[in-house]
Amino acid sequence: MNRRSVVIAGLAALLLPPDRSAAQQTQSKIPRVGMLSVADSDSAVQFEAFRQGLRDLGYVEGRNIILEFRLARGNLSLGPQLAAELVVLPVDVIVVEGLRPNAMDATDRIPIVATAMMDPVERGLAASLSRPGGNITGFTLMHTELNAKRLELLRTAFPHITAVTALVNPANPSHRLALGQTETAARLLGLESVVIVEADSAAALHALRPAVFSEAGAVTVIPDGVFYTYRRDIVRLVNAARLPAIYPEREYADDGGLMAYGANVSDNFRRAADYVDRILLSAAGQYIEKGARLR
């Protein structure tokens with residue numbers, strides 16, 4: 001599978017090659033990195049990828065860097081509260097997944113690294129991909145464009161299907177646009193309809209039963225942080241309905257889903273570690289004693 005991700009080249013000044021010699025002379029506080037996510041565990045695969053990225057750069061968690069996790073555990077409404085907690089601590093940089101607008105509402109000062117942002121320009125979160133402005137940088141998964149491609153691949157693999165069920169999260173601002181792309185693609189492919197099944201939280205997902213997909217001959221899952229966190233439950237649900245399905249990230253296929261097409265979220269987290277490193281090093285050399293780094 002080809003990885004599709006676009007680097008947002010924001011925080012240009014922060015991402016210039018750091019003056020490591022100046023940082024090495026500083027013996028200051030251990031930097032704190034806020035991890036703001038909709039996930040339900042700090043040992044999730046994407047966080048392990050982030051930790052590996054930090055280790056590759058010489059960081060040792062608890063020794064020369066501290067990760068402060070604030071997890072919404074499938075409840076998007078907790079985002080503002082969790083973001084505010086990180087700001088009050090305070091942390092030196094915030095890594096966000098699935099709860100991006102909340103972090104940006106909470107602070108315009110602390111640098112933010114987004115690992116899986118969906119359509120930031122369309123949603124008014126960035127001025128452009130090349131120059132987003134403000135205090136945000138990171139990656140976008142370009143999911144809007146890929147929703148149509150996923151449906152095309154599903155129809156190619158299963159040409160007999162006449163309708164498709166789309167699993168969407170009505171609490172996700174990106175889903176209106178993503179669903180529109182899916183419906184347009186369905187018309188172009190000659191599908192009769194797109195049946196919408198909604199779930200806005202972990203509890204809503206767990207309340208679903210296989211019969212909700214019975215009106216269509218196949219399933220497509222619209223990308224979402226809650227869905228990604230509880231992807232094993234979604235895969236079990238769809239497999240129980242005995243329907244072909246396409247998912248937005250490879251981890252769905254790794255966990256038993258039929259097929260997937262989209263970005264590599266874990267790799268985005270690994271690469272985000274480099275952004276965090278550059279931000280910390282560029283902040284006037286005040287965050288870390290570089291002699292403690294395992295270079």
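This is a predicted model: local features need pLDDT of at least 70, side-chain atom pairs count only at pLDDT 80 or more; totals for chains, interfaces and linings use all residues.
## Helices H2 and H11

Helix H2 spans residues 45–56, and helix H11 spans residues 265–282. The two pack at an angle of about 35 degrees. Their axes lie 7 Å apart. The crossing of H2 and H11 is right-handed.

On the H2 side, the contact is made by Val45, Gln46, Phe47, Ala49, Phe50, Gly53 and Leu54. These residues meet Ser266, Phe269, Arg270, Ala272, Ala273 and Val276 in H11. By type, the contact residues of H2 and H11 divide into nine nonpolar, three polar and one charged.

## Asp267 in H11

Asp267 belongs to helix H11. Its relative accessible area is 11%. The cut-off for a buried residue is under 20%, so Asp267 counts as buried.

Asp267 can also be placed relative to Phe50. In sequence, Asp267 and Phe50 are 217 residues apart. In space, their C-alpha atoms are 8.2 Å apart. Phe50 is one of the H2 residues that meet H11.

## Strands S7 and S8

Strand S7 covers residues 163–168, and strand S8 covers residues 193–198. The two strands pair in the parallel sense. Six bridges join S7 and S8. Across this pairing, Val164 stands opposite Val194 in S8.

Between the strands, the chain passes from S7 through helix H6 to S8. Helix H6 comprises residues 175–188. This β-α-β crossover is right-handed.

Definitions and conventions:
Residues are numbered from 1 along each chain as its sequence is written. Side-chain values use heavy atoms; hydrogens and water are left out. Axes are lines fitted to C-alpha atoms, for helices over the stretch in contact, and angles run from 0 to 180 degrees between N-to-C directions. Helices (H or I, at least four residues) and strands (E, at least two) are DSSP runs, numbered from the N terminus. A crossing is left-handed if the near helix is turned anticlockwise from the far one by less than a right angle, and right-handed if clockwise. Contact means heavy atoms within 4.5 Å. Ala, Val, Leu, Ile, Met, Phe, Trp, Tyr, Cys and Pro count as nonpolar, Asp, Glu, Lys and Arg as charged, and the others, Gly among them, as polar. Two strands pair if DSSP finds at least two bridges between them. A crossover is right-handed if, with the strands pointing away from the viewer, the path from the first strand over the helix to the second runs clockwise. Buried means under 20% relative accessible area, exposed over 50%, partly exposed in between (1.4 Å probe, protein chains only).
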